[in-house]
Amino acid sequence: MSSLAAVLIVLATVAAMEFVAWASHKYVMHGFGWGWHRDHHEPHDKLLEKNDLYALVGAAMSIAMFALGSPLVMGAGAWEPGTWIGLGVLVYGVIYTLIHDGLVHQRYFRWVPRGGYAKRLVQAHKLHHATTCKEGGVSFGFVIARDPAALKRELREQRQAGVAVLREAIED
């Protein structure tokens, strides 16, 4: 496999992982997997959350792809693209950790962006946390952030339709 093909597979995987993250956040974490995700939406001062178990799921996906692509594990049946897909999943995990856990939730460092896309990411995710339960909500992705004004309108519409219960700060 050429170096260009490997790089393209890694980049395509990183891009695809935003969709995987969005879908798993919306339909798993806010669905049958709410038991692991609930504490992420509740105030607490713990170092770790049950929600952090989802990072282990992502790591397992990456490791599985690395193994599938490894001749040391799979022998002659190794599928080389698996290595590069595993690397793409890993890269997305690092981006997710820096943006979501670091920038948005400030678990590793303190920096409040004053403008630009970083501020938009923080605002979009804070609006995601405006709901108090698993129903309703906006902005389920982690790297792509829609316009905060549009997200606020959507939350208000959800509240009026009885789909979402919002925290007091967003009710106004």
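A cavity here is a set of points, on a 1 Å grid over the protein atoms alone, where a 1.4 Å probe fits but cannot get out. Its volume is the space filled by probe spheres set on the points, with grid points joined across faces, edges and corners. This is a predicted model, so to speak: local features need pLDDT of at least 70, side-chain atom pairs count only at pLDDT 80 or more, and totals for chains, interfaces and linings use all residues. Residues are numbered from 1 along each chain as its sequence is written, and side-chain values use heavy atoms, leaving out hydrogens and water.

**The cavity**

- Counting cavities of 30 Å³ or more gives 1.
- The largest cavity holds about 70 Å³ of space.
- Its lining (residues with an atom within 4 Å of a point) includes Ile99, His100, Leu121, His125 and Phe142.
- Helices H5 (81-104) and H6 (116-128) each bring at least two residues to that lining; helices are DSSP runs (H or I, at least four residues), numbered from the N terminus.
- The lining splits into 8 nonpolar, 4 polar and no charged residues; Ala, Val, Leu, Ile, Met, Phe, Trp, Tyr, Cys and Pro count as nonpolar, Asp, Glu, Lys and Arg as charged, and the others, Gly among them, as polar.

**H3 against H5**

- The axes (lines fitted to C-alpha atoms over the stretch in contact) of H3 (residues 53-69) and H5 come within 6 Å and cross at roughly 160 degrees.
- H3 and H5 are therefore roughly antiparallel (over 145 degrees) to each other.
- Contact, meaning heavy atoms within 4.5 Å, involves residues including Met61 and Phe66 of H3 and Ile85 and Leu90 of H5.

Note on methods: 1 Å grid on protein atoms, 1.4 Å probe; cavity = no way out; pocket = protein on both sides within 12 Å on 5 of 7 lines; lining within 4 Å. Axes fitted to C-alpha atoms, helices over the stretch in contact; angles between N-to-C directions. Parallel < 35°, antiparallel > 145°, perpendicular 65-115°, else oblique.
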